[in-house]
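Please look over the following chain before reading on.

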Amino acid sequence: MAEQQRILIILGHPSADSLCAGMAHAYADGARQAGAEVRLLNLGQLAFDPRFQGYGAAQPLEPDLAAAQADIAWAGHLVWVYPIWWGAMPALLKGFIDRVFLPGYAFKYRPGSSLWDKLLAGRSAELLVTMDSPPWYFRWVTRMPGHHQMKKAILEFCGIRPVRVHSFGPVRSASTGRLAQWVEAARQLGARQARRAPRGRRTGPGLAPAATSSPTTPTTP
């Protein structure tokens, strides 16, 4: 029997009745119906302090964040559903990443070197991103700062690739029919991902050995 896709969907919008929430649940339904194992994290319902105190501070993980780390280790494909606010992700999602993607879990610098190990390698990711701006404006005028932050500075830094990005907008002027089309598009994306062959061995704490980094100088996430 073929191995099932393991998909973790992370809803980064604080509101449970948002368009993002509808798209996240639709993606989950499409993936499950196509045979994938699916888990969904609603960050607005997790109990944690999103105010990261820095790498030198003692800030133990709350139980919900420890469970989130286990879910990420379990998954082969990560789906992030969130809006663009002021050019980037909401503070709740950024706080979640700051608290969860820690040294020793998501990445590890090598002693005496500018290189680093990518501890979440072997996973792929998908971004479903809503915005009030037209996607062409976000791409060509503001130059997609939020997309670059999530894709390159966070996920690929930790070894997660490929990262596919889907932009939906402008939401503010969208008709009811258009919003329904976007929810259905998320359902179809979930079904499509479920039919893909699972990726190879995942790395990370307690899994396979850490992947080696590319020979570029990183910026600390």
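The model is a predicted one, in which local features need pLDDT of at least 70 and side-chain atom pairs count only at pLDDT 80 or more, while totals for chains, interfaces and linings use all residues. Residues are numbered from 1 along each chain as its sequence is written, and side-chain values use heavy atoms, with hydrogens and water left out. Helices (H or I, at least four residues) and strands (E, at least two) are DSSP runs numbered from the N terminus.

**Backbone and loops**

- A cis peptide bond also joins G169 and P170, with omega about 0°, and P170 belongs to the loop between β7 and α6.
- R172 has its place in the loop between β7 and α6 and counts as exposed at 70% relative accessibility, where exposed means over 50% relative accessible area, buried under 20%, and partly exposed in between (1.4 Å probe, protein chains only).
- From C-alpha to C-alpha, R172 and M131 are 8.1 Å apart in space, although 41 residues separate them in sequence.
- In the loop between α4 and α5, R143 has a positive phi near 70°, in a residue other than glycine, and R143 counts as exposed at 52% relative accessibility.
- M144, also placed in the loop between α4 and α5, has a positive phi near 55°, but M144 is buried, with a relative accessible area of 17%.

**Nonpolar cores and a surface patch**

- In soluble globular proteins, nonpolar side chains tend to be buried together.
- A nonpolar core is here a set of buried Ala, Val, Leu, Ile, Met, Phe, Trp, Tyr and Cys residues joined through side-chain atoms within 4.5 Å.
- The largest nonpolar core has 41 residues, of which W80, Y82, F96, I97, F101, M150 and L155 touch the most other members.
- At least two residues of this core come from each of β1 (6-11), α2 (63-74), β3 (77-83), α3 (91-100), β6 (124-130) and α5 (145-155).
- Apart from its neighbours within four places in sequence, L155 is in contact (heavy atoms within 4.5 Å) with W80, F101, A125, L127, M150, I160 and V163.
- A second, separate core consists of 22 residues, including I9, A36, V81 and L128.
- Y137 lies in helix α4 (residues 135-140) and is partly exposed, with a relative accessible area of 34%.

**Salt bridges**

- The whole structure holds ten salt bridges, each a side-chain nitrogen of Lys or Arg within 4 Å of a carboxyl oxygen of Asp or Glu.
- One of them pairs E37 with R6, the closest N and O atoms being 4.0 Å apart; E37 lies in strand β2 (residues 37-42) and R6 in strand β1, so the pair ties together parts that are 31 residues apart in sequence.
- Both partners are partly exposed, E37 at 30% relative accessibility and R6 with a relative accessible area of 29%.
- D29 and R187 meet through their side chains in a salt bridge (3.8 Å, N to O), which links helix α1 (residues 19-33) to helix α6 (residues 176-194) across 158 residues.
- D29, E184 and R187 are linked in a network of salt bridges.
- E62 forms a salt bridge with R99, with the closest N and O atoms 3.0 Å apart; E62 sits in the loop between β2 and α2 and R99 in helix α3, 37 residues apart, and both residues are buried.

**Helix α1**

- The end C-alpha atoms of α1 are 21 Å apart, which agrees with the 21 Å that its 15 residues should span at 1.5 Å a residue, the expected span being 1.5 Å times one less than the number of residues.
- The buried residues of α1 are C20, A21, M23, A24, A26, Y27, A28, G30 and A31, and their cover includes β1, β2, β3, β6, β7 (163-168) and α6.
- G35, which follows α1, has a positive phi near 105°.
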